Amino acid sequence: MASEGVKNVKLFGTWASSYTHRVQLALKLKGVEFEYVEEDLSNKSPLLLTYNPVYKKVPVLLHGERAIAESIVILEYLDETWKEKPIMSQDPYQRAIVRFWCRFADEKLGPAVGEVFRLTGEEQKAAVDRVRDTLKLVEAELSDGFFKGRRFFGGDEIGLLDIVMGCGSFWLWVFEEVAEAKLVDPEMFPRFHSWLRDFEEQNQVKEIIPATDKLLEYAKSLRQMILNQYKP
């Protein structure tokens, strides 16, 4: 069941979206063939608006005639539909823990990093401190919490939380260079730093993460546009 044919599975996304990368990585890990459709978010296609009329965002997975929106919802759907190479445990408690930290990544870590990217001066320094305070919580979970002793959050193999956390965290290196702010200090966050480097070295991850030069060019342009919007 790993491969249903590229015509049966279609993914609508954008090349720089970490949310799109999440779904691409899960599909690759499970060996599911799919057709990829690149969306222009400044001129959204009628199909995207049809398949995701509520949020009008990517990613959207089309499986046959069924459309599924929102990256984490899609990841769970993939795991429940293609049961080979699972990315979530069957244990209800472990699934709850993973869901909790996925929400943490999207509601705490992601927005904190975004603040560093759009701010400057003393405000940016305060935002960097908030990112570090947030990463301290992740570091504690890796060193003494539920994920202690694991290579990945999912165990010996990449799991759903690795996908969610990792596909956003590669932006940390890009933001560090563009915003000129150090976020992931290997001495301050040794386990998180080691986990992220290991995650990035996986072949399937390398296949879906865009080239650094391309990301840097995009991020520099985006930051300049954001800074211009906030000029008094």
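How many bridges join β3 to β4, and in which sense do the two strands run? Four bridges join them, and the strands run antiparallel. The legends below describe close-up views of a predicted model.

**View 1. The four-stranded sheet.** Four strands form an open sheet in the order β2-β1-β3-β4, and their pairing is mixed.

**View 2. The contact between α1 and α3.** Two packed helices are described by the angle between their axes and the distance between the axes. The axes of α1 and α3 cross at roughly 10 degrees and come within 9 Å. Angles under 35 degrees count as roughly parallel, and α1 and α3 are therefore roughly parallel to each other. On the α1 side the contact is made by Tyr19, Arg22, Val23, Ala26, Leu27 and Lys30. These residues meet Ser71, Ile72, Ile74, Leu75, Leu78 and Asp79 of α3. Sorted by class, the contact of α1 with α3 has eight nonpolar residues, one polar residue and three charged residues.

View 3. Most residues other than glycine have a negative phi, and most peptide bonds are trans. Glu70 has a phi near 80 degrees, a positive value in a residue other than glycine. This residue, Glu70, is found in the loop between β4 and α3. The peptide bond from Val58 to Pro59 is cis, with omega near 5 degrees. Pro59 lies in the loop between α2 (46-51) and β3.

**View 4. The crossing of α4 and α9.** Helices α4 and α9 pack with their axes 9 Å apart, at an angle of about 75 degrees. Angles of 65 to 115 degrees count as roughly perpendicular, and α4 and α9 are therefore roughly perpendicular to each other. Helix α4 contributes Val116, Phe117 and Arg118 to the contact. From α9 come Ala219, Leu222, Arg223, Ile226 and Leu227. The classes represented in the contact of α4 with α9 are six nonpolar and two charged residues, with no polar residue.

**View 5. The largest pocket and its lining.** The largest pocket holds about 1100 Å³ of space. Its lining has 38 residues, and those nearest the centre of the pocket are Ala16, Ser17, Ser18, Tyr19 and Trp171. The elements that give two or more residues to this lining are α1 (18-30), α3 (71-81), α4 (92-118), α6 (160-179) and α9 (212-229). Helix α4 provides the largest share of the lining, nine residues. By class, the lining of the largest pocket has 22 nonpolar, eight polar and eight charged residues. Tyr19, named above among the residues nearest the pocket centre, is also one of the α1 residues that meet α3.

Technical notes: Residues numbered from 1 in each chain as written. Predicted model: local features only at pLDDT ≥ 70, side-chain atom pairs only at ≥ 80, totals over all residues. Heavy atoms only, no water. 1 Å grid on protein atoms, 1.4 Å probe; cavity = no way out; pocket = protein on both sides within 12 Å on 5 of 7 lines; lining within 4 Å. Points joined across faces, edges and corners; volume = space filled by probe spheres on them. Nonpolar A, V, L, I, M, F, W, Y, C, P; charged D, E, K, R; others polar. Pairing = 2+ DSSP bridges. Axes fitted to C-alpha atoms, helices over the stretch in contact; angles between N-to-C directions. Parallel < 35°, antiparallel > 145°, perpendicular 65-115°, else oblique. Contact = heavy atoms within 4.5 Å.
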